[in-house]
Amino acid sequence: DGAAALVDKALFGGAFPTPQDPPVALPLKSIPPRIPADLVPKLGISQVIGTFTSSYDPGQPRVTNIQRMAQLLQGYVILPGETLSLNGVVGPRTTANGFVPAQAIVAGQNYGTDVGGGISQFASALLNAAYAGGLDIVEFQSPSLHDPHEPLGREATISYPMPDLKLRDSTPYGVVIW
């Protein structure tokens with residue numbers, strides 16, 4: 001917390017920075033891993049179980065949101081028997097959390113703009129990869145407007161706090177989201 005403001009001040013807060021300027025000391029906090037390192041080899045994660053590709057036009061604000069969702073989920077491990085809640089892991093889509101205003105379905109039948117717009121495309125891709133990988137699909141909601149780039153019936157809309165996408169690992173192995 002506060003690191004972005006310190007970097008901004010160091011770069012733009014006065015005279016042009018030089019190599020002689022003191023280094024910027026960023027506040028750090030230790031966050032223990034969610035899964036202990038000694039458990040990882042025991043999870044049996046050894047192969048890809050499901051993938052899905054969803055294309056988009058580069059340069060749109062929604063792409064920033066799709067990429068932010070991917071960053072927040074990359075490397076997340078679903079333990080055997082555990083249920084992943086996409087909203088539970090990512091939290092609210094806010095500008096403070098790296099999301100931007102972009103096109104979104106608003107009020108069910110219209111396109112408008114909302115912070116985090118476009119993330120349903122990420123949720124749909126994750127849903128389809130989970131489907132291909134044999135994970136249990138515990139909860140998802142189809143959007144009110146069909147995206148022709150996604151398989152009919154396998155699209156997921158997501159908002160905070162609801163609707164959510166929830167996937168359960170019913171295997172004896174861990175699953176890494178990548």
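## Arg-62 in helix α2

Arg-62 sits in helix α2. Helices here are DSSP runs of H or I with at least four residues, strands are E runs of at least two, and both are numbered from the N terminus. Arg-62 is buried, at a relative accessible area of 17%. Buried means under 20% relative accessible area, exposed means over 50%, and partly exposed lies in between (1.4 Å probe, protein chains only). Setting aside neighbours within four places in sequence, Arg-62 is in contact with Tyr-56, Ala-102, Gly-117, Gly-118 and Gln-121. Contact means heavy atoms within 4.5 Å.

Ala-70 also belongs to helix α2. Ala-70 is partly exposed, with a relative accessible area of 33%.

## Basis of the model

This is a predicted model, in which local features need pLDDT of at least 70, side-chain atom pairs count only at pLDDT 80 or more, and totals for chains, interfaces and linings use all residues. Residues are numbered from 1 along each chain as its sequence is written, and side-chain values use heavy atoms, with hydrogens and water left out.

## Overall layout

The secondary structure comes to 4 helices and 7 strands. Along the sequence they follow the pattern α-α-β-β-α-β-β-α-β-β-β. The C-alpha atoms fill a box of roughly 55 × 50 × 25 Å along the principal axes.

Of the 178 residues in the protein, 29% are buried. The protein exposes about 11000 Å², and carbon and sulfur atoms supply 58% of that area. Accessible areas come from the Shrake-Rupley method with a 1.4 Å probe; for residues, only the protein chains shown count as cover. Take the contacts between residues at least 6 apart in sequence: 66% of them join residues at least 24 apart.

## The largest nonpolar core

A nonpolar core is a set of buried Ala, Val, Leu, Ile, Met, Phe, Trp, Tyr and Cys residues joined through side-chain atoms within 4.5 Å. The largest one has 22 residues. Met-69, Leu-73, Leu-84, Leu-86, Phe-122, Leu-126 and Leu-165 touch the most other members. Helices α2 (61-73), α3 (86-90) and α4 (119-133) each supply at least two residues of this core. Helix α4 gives the most, with 6 residues.

Met-69 touches Leu-86, Val-90, Arg-93, Phe-99, Ile-119 and Phe-122, not counting residues up to four places away in sequence.

## Helix α4

Helix α4 is largely enclosed by the rest of the structure, because 11 of its 15 residues are buried. Among them are Ile-119, Gln-121, Phe-122, Ser-124 and Asn-128. The buried residues of α4 pack against α2, β2 (83-85), α3, β5 (136-139) and β6 (166-168).

The length agrees with expectation. At 1.5 Å a residue, the 15 residues of α4 should span 21 Å, and its end C-alpha atoms are 21 Å apart. The expected span is 1.5 Å times one less than the number of residues. Just after α4, Gly-134 takes a positive phi of about 80°.

## Salt bridges

A search of the whole structure finds 3 salt bridges. The criterion is a side-chain nitrogen of Lys or Arg within 4 Å of a carboxyl oxygen of Asp or Glu. Glu-82 pairs with Arg-34, with the closest N and O atoms 3.0 Å apart. Glu-82 lies in the loop between β1 (77-78) and β2 and Arg-34 in the loop between α1 and α2, so the pair ties together parts 48 residues apart in sequence. Arg-34 is partly exposed, at 42% relative accessible area.

Arg-168 pairs with Asp-136, the closest N and O atoms being 3.6 Å apart. Arg-168 is in strand β6 and Asp-136 in strand β5, so this pair ties together parts 32 residues apart in sequence. Lys-166 forms a salt bridge with Glu-139, with closest N and O atoms 3.6 Å apart. Lys-166 is in strand β6 and Glu-139 in strand β5, 27 residues apart.

## A nonpolar surface patch

Leu-6, Val-7, Leu-11, Phe-12, Val-24, Leu-26 and Leu-28 form a nonpolar patch on the surface, with about 680 Å² of accessible area together. Patches are made of residues with over 30% relative accessible area and no salt bridge; like charges are joined within 9 Å, and nonpolar side chains (Val, Leu, Ile, Met, Phe, Trp, Tyr) within 5 Å.

Leu-6 lies in helix α1 (residues 3-12). Leu-6 is partly exposed, at 34% relative accessible area. Not counting residues up to four places away in sequence, Leu-6 touches Val-24, Ala-25, Leu-26 and Pro-27.
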